Amino acid sequence: LNTLDDRKHESPYDWSAIDKDSFASELRELAVGHFSPLAKENGTNIVEATKATPARWMLVLSLLASFFVSLPWYIDGSWLMLFVTPILAWVT
């Protein structure tokens, strides 16, 4: 199984003009506009402001743990877990 990159040894998108692309420029402006106030509020740079906080990582890990804990009941055929486990998988 090969991807397009493997067959042609090149990317299907020409990245040389990414700085001139209007969509990329607008997206970059929106991202900077969104994360600049967070960076100032936290006293960090914009790159650090885009990263998940420890509280967010704890939320993700607790949802992931809940998903794995619900799997045995899901496999066993629990009607409640028939609905809860897919939702946990989606949210995680």
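Here are a few questions and answers about this predicted model.

User: What does the secondary structure of the protein chain come to?
Analyst: Read along the sequence, the pattern goes α-α-α-α-α. No strands turn up, and the total is five helices and zero strands.

User: What share of the 92 residues in the protein chain is buried?
Analyst: To count as buried, a residue has to be under 20% relative accessible area. Out of the 92 residues in the chain, the buried ones make up 10%.

User: Which helices each supply at least two residues of the lining of the largest pocket?
Analyst: The pocket holds about 170 Å³ of space. Its lining includes L38, N42, E48, A49, P54 and R56. The helices that each give at least two lining residues are α2 (22–42), α3 (46–49) and α4 (54–76).

User: How do the residues of that lining divide into nonpolar, polar and charged?
Analyst: The lining is made up of L38, N42, T44, E48, A49, K51, A52, T53, P54 and R56. Ala, Leu and Pro count as nonpolar, while Glu, Lys and Arg count as charged. That gives four nonpolar, three polar and three charged.

User: Is L82 buried or partly exposed?
Analyst: Buried would need under 20% relative accessible area, and exposed over 50%. L82 has 37% relative accessibility, so it counts as partly exposed.

Key. Residues are numbered from 1 along each chain as its sequence is written. This is a predicted model: local features need pLDDT of at least 70, side-chain atom pairs count only at pLDDT 80 or more; totals for chains, interfaces and linings use all residues. Side-chain values use heavy atoms; hydrogens and water are left out. On a 1 Å grid over the protein atoms alone, a cavity is a set of points where a 1.4 Å probe fits but cannot get out, and a pocket is an open set with protein on both sides within 12 Å along at least five of seven lines; lining residues have an atom within 4 Å of a point. Grid points are joined across faces, edges and corners, and a volume is the space filled by probe spheres set on the points. Helices (H or I, at least four residues) and strands (E, at least two) are DSSP runs, numbered from the N terminus. Buried means under 20% relative accessible area, exposed over 50%, partly exposed in between (1.4 Å probe, protein chains only).
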